[in-house]
Amino acid sequence: MTPHAPVLPLPSWLAPQLPRLQQATHAAVMLSGPAGVGQLTLAYHLAAAWLCEAPTAQGMCGQCPSCGNLHAQTHPDLCLLLPETVAAATGLMLAPRAQAALEGKDTKPSQWIRVDAALEAVEFAQRTRSRQQGRVVVVYPAERLNTESANTLLKTLEEPPPHLRFVLATEQAAAVLPTVRSRCQLQAVHWPPAPEVLDWLAQQHPKASAADCQACLQLAGGLPEKALALLGAGLTQSECQTLPSLLAKGQGGALARLSGPDLIEMLQKVAHDALATVHGAAPRFFVQAQWPHPMQPMALQQWASQLNDDRRHAAHPFQASLMLDAHVAMAQRALHARRQA
Ligand SMILES: [Zn+2]
């Protein structure tokens, strides 16, 4: 039989964490770690292993009917409770009504887990299982359950029917509503070693050079999924090196390929490293970049706090090009503050 490949392949640094999690006995497990480590992938594979008819210590077998259903995204005993933005970005299918709502609407997909979807998950939980292995609800990111969605889910989370288990995953455990967090067994997702991540990045992007992979991983603060997104945006090592000096000249360079929140996050990293450099500390993200000289700490500090404010609004549907122009102008002022006087 042809093995059924999982929809989200399990990267090598997550694989060693799976056997321990498969042994968890609590009905609700919460995987916690920084954004970009791979919580959703690990949560999905944990659910797959629990649902599999012949699981091994390494997780799902990839051969049984359950694994086949997972591969086809038609598993009757799995419910993915995700924001619409996550479903759209990963290609994972939501529960039937939530999926139909996502495909049928012409408004922007929601970044929050909708209360209707939470309600559908509760209905799923109350149905009887169709196979021996029980049923699983995957919730990600758990911090995107608003109060109403969380309240809808709470009773089922507290007293799940027999054979129902929850895997929640979060990138900000502190931001998960305490009523939800307190009902889960917390499990840390471990930080991946850089050499393994570099190998993985090279496999995902065979055309990127080793130097590009290294630069994107550095820029991503060591987080694999973020590094992959930067490589996917076509960022190269030389662009990473030249970005600060281009910004000082009022040129956006590679920033034009980043969307709202990613654009601001990148500028926050430039501001962070500019401040580090001006105070004589080592830069963290743009390690080989040339910095404008001299830079003014006060102007950089103001820029950094303005970016912090803007980060909160960055997901709103701004006109992308206007936003880019405004931000590049702001970066230029901060990096070349002396010329304003
Ligand atoms: Zn299987």
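This report describes the overall dimensions, core, helix packing and selected backbone features of a predicted protein model.

## Basis of the model

The model is predicted, and local features are therefore given where pLDDT is at least 70, side-chain atom pairs count only at pLDDT 80 or more, and totals for chains, interfaces and linings use all residues. Residue numbers start from 1 along each chain as its sequence is written.

## Overall form

The secondary structure of the protein chain comes to 15 helices and five strands, where helices (H or I, at least four residues) and strands (E, at least two) are DSSP runs numbered from the N terminus. Along the principal axes, the C-alpha atoms fill a box of roughly 70 × 40 × 35 Å.

Buried residues make up 40% of the 341 residues in the protein chain; a residue is buried if 20 or more other C-beta atoms lie within 10 Å of its own, exposed if 12 or fewer, and partly exposed in between, with C-beta atoms placed from the backbone. Among contacts between residues at least 6 apart in sequence, 73% join residues at least 24 apart, a contact being a pair of residues whose C-beta atoms, placed from the backbone, lie within 7 Å.

## Domains and the nonpolar core

The domain assignment gives domain 1 (15-188) and domain 2 (236-340), with bounds that come from an automatic or database domain assignment. The centres of the two domains, taken over C-alpha atoms, are separated by 37 Å.

The largest nonpolar core has 97 residues, and A43, A47, L81, V138 and V167 touch the most other members; such a core is a set of buried Ala, Val, Leu, Ile, Met, Phe, Trp, Tyr and Cys residues joined through C-beta atoms within 7 Å. Helix α2 (residues 39-51) supplies the largest share of this core, 10 residues. Domain 1 (15-188) and domain 2 (236-340) both give residues to the core, so it lies between them.

L81 is found in strand β2 (residues 78-81) and counts as buried because it has 27 C-beta neighbours inside 10 Å. Leaving aside neighbours within four places in sequence, L81 is in contact with I113, A117, A118, A121, V137, V138 and V139.

With the same exclusion of neighbours within four places in sequence, V138 is in contact with A43, Y44, A47, L80, L81 and V167.

## Helix packing

The axes of helix α5 (residues 96-104) and helix α6 (residues 115-126) come within 8 Å and cross at roughly 155°; axes are lines fitted to C-alpha atoms, for helices over the stretch in contact, and angles run from 0 to 180 degrees between N-to-C directions. The two helices α5 and α6 are therefore roughly antiparallel to each other, a term used for angles over 145 degrees, whereas those under 35 count as roughly parallel, 65 to 115 as roughly perpendicular and the rest as oblique. R97, A98 and A101 of α5 make the contact with D116, A117 and E120 of α6.

In helix α11 (residues 224-232), the buried residues are P224, K226, A227, L228, L230 and L231. These buried residues of α11 pack against α9 (194-204) and α10 (210-219), and α11 is followed by G234, whose phi is positive, near 85°.

## Backbone features in loops

A cis peptide bond joins Y140 and P141, with omega about -15°, and P141 is found in the loop between β3 (135-139) and α7 (147-158). Another cis peptide bond joins H293 and P294, with omega about -5°; P294 lies in the loop between α13 (260-278) and α14 (297-313).

Q73, although not a glycine, has a positive phi of about 60°; Q73 lies in the loop between α3 (65-72) and β2 and is partly exposed, with 14 other C-beta atoms within 10 Å. Phi of H163, also a residue other than glycine, is positive and near 75°. The loop between α7 and β4 (164-170) holds H163, which counts as partly exposed with 16 C-beta neighbours inside 10 Å.

Terms used:
Contact = placed C-beta atoms within 7 Å.
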